[in-house]
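Here's a quick tour of a protein model, written for anyone just getting started with structures. Have a look at the sequence and the 3D view, then come back for the highlights.

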Amino acid sequence: MRAAIGDPALRRLRVALPPVAAAAVALALLSGWTAVGGAGRQRPVEAGPGWVLLPTTGGATATAAFFTLRNPGDIPDELTGASWELDGRVTLKRHRHQGASGRWEPAAALPVPERGELVMSPEDADLMIVGPPALRAGQWVEFTLTFRHSPDLRVRAEVVPPGGRRAG
């Protein structure tokens with residue numbers, strides 16, 4: 001028995017078929033895009049050389065290191081820890097500004113936004129080094145940076161005197 005043109009089941013099929021077909025095509029295209037790395041692609045955080053502030057007094061109790069971290073991926077990451085090759089504990093630190101003054105506080109993590117940068121500076125975030133050994137201007141030291149998603153990253157930093165930081 002053939003269905004008549006006015007059959008309600010046939011009318012429902014004709015109404016439902018275009019959106020169902022469009023959804024199936026969209027799902028297939030999105031699945032393909034994801035399979036070739038087009039969606040939510042995780043890429044490791046990158047960094048160039050950094051700098052360590054030379055303490056101005058002998059026997060300084062702390063100093064700081066600074067890096068620019070770049071996240072080329074589509075997924076945000078976080079710097080969760082750091083260590084260095086010399087004695088002294090390294091702690092993540094964030095500055096909190098309050099009007100004309102401010103204070104620093106330890107940070108559990110420092111965000112590295114997707115397709116963005118974390119630019120450490122004396123006014124924002126840095127790696128505080130407690131109990132550093134004697135350092136000399138021009139000396140290079142190695143750090144290992146730990147991230148929530150990216151693999152550990154080994155980077156070098158040059159020790160520079162106050163005011164000796166080169167732009168870039």
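With which side chain does the side chain of Ser-150 make a polar contact? The partner is the side chain of Asp-77, at 2.7 Å. Keep in mind that this is a predicted model.

**Two loop residues**

- Ser-150 sits in the loop that runs between β11 (140–147) and β12 (153–160).
- Despite being in a loop, Ser-150 has a relative accessible area of 6%, which is under the 20% cut-off, so it counts as buried.
- A polar atom of the Ser-150 side chain also lies 3.0 Å from the backbone nitrogen of Val-45.
- Setting aside neighbours within four places in sequence, Ser-150 is in contact with Gln-42, Arg-43, Pro-44, Val-45 and Asp-77.
- Now hop to Ala-134, found in the loop between β10 (125–130) and β11.
- Ala-134 has a relative accessible area of 77%, over the 50% cut-off, so this one counts as exposed.
- Along the sequence, Ala-134 and Leu-54 are 80 residues apart, yet in space they are 9.0 Å apart, C-alpha to C-alpha.

**The nonpolar core**

- The largest nonpolar core has 32 residues, and the ones that touch the most other members are Leu-69, Leu-127, Phe-143 and Leu-145.
- The largest share comes from β12, with 5 residues.

**Rings and a charge**

- You can find 3 aromatic pairs in the structure.
- One of them is Trp-51 with Phe-66, which are stacked, 4.2 Å centre to centre with 25° between the planes.
- That pair ties together distant parts of the chain, since Trp-51 is in strand β2 and Phe-66 is in strand β3, 15 residues apart.
- Trp-51 and Phe-66 are both buried.
- Phe-67, Trp-84 and Phe-143 make up a cluster linked by ring pairs, and Phe-143 is also one of the residues that touch the most other members of the core.
- Over at Trp-104, the charged end of Lys-93 sits over the ring, 5.4 Å from its centre.

Terms used. Residues are numbered from 1 along each chain as its sequence is written. This is a predicted model: local features need pLDDT of at least 70, side-chain atom pairs count only at pLDDT 80 or more; totals for chains, interfaces and linings use all residues. Side-chain values use heavy atoms; hydrogens and water are left out. Helices (H or I, at least four residues) and strands (E, at least two) are DSSP runs, numbered from the N terminus. Buried means under 20% relative accessible area, exposed over 50%, partly exposed in between (1.4 Å probe, protein chains only). A polar contact is a pair of N or O atoms within 3.5 Å; within protein, one must be able to donate a hydrogen and the other to accept it, and residues adjacent in sequence count only if both atoms are side-chain atoms. Contact means heavy atoms within 4.5 Å. A nonpolar core is a set of buried Ala, Val, Leu, Ile, Met, Phe, Trp, Tyr and Cys residues joined through side-chain atoms within 4.5 Å. Rings of Phe, Tyr and Trp (its six-membered ring) pair if their centres lie within 6.5 Å; planes under 30 degrees apart count as stacked, over 60 as edge-to-face and the rest as tilted. A charge sits over a ring if NZ of Lys or CZ of Arg is within 6 Å of the ring centre and within 35 degrees of the ring normal.
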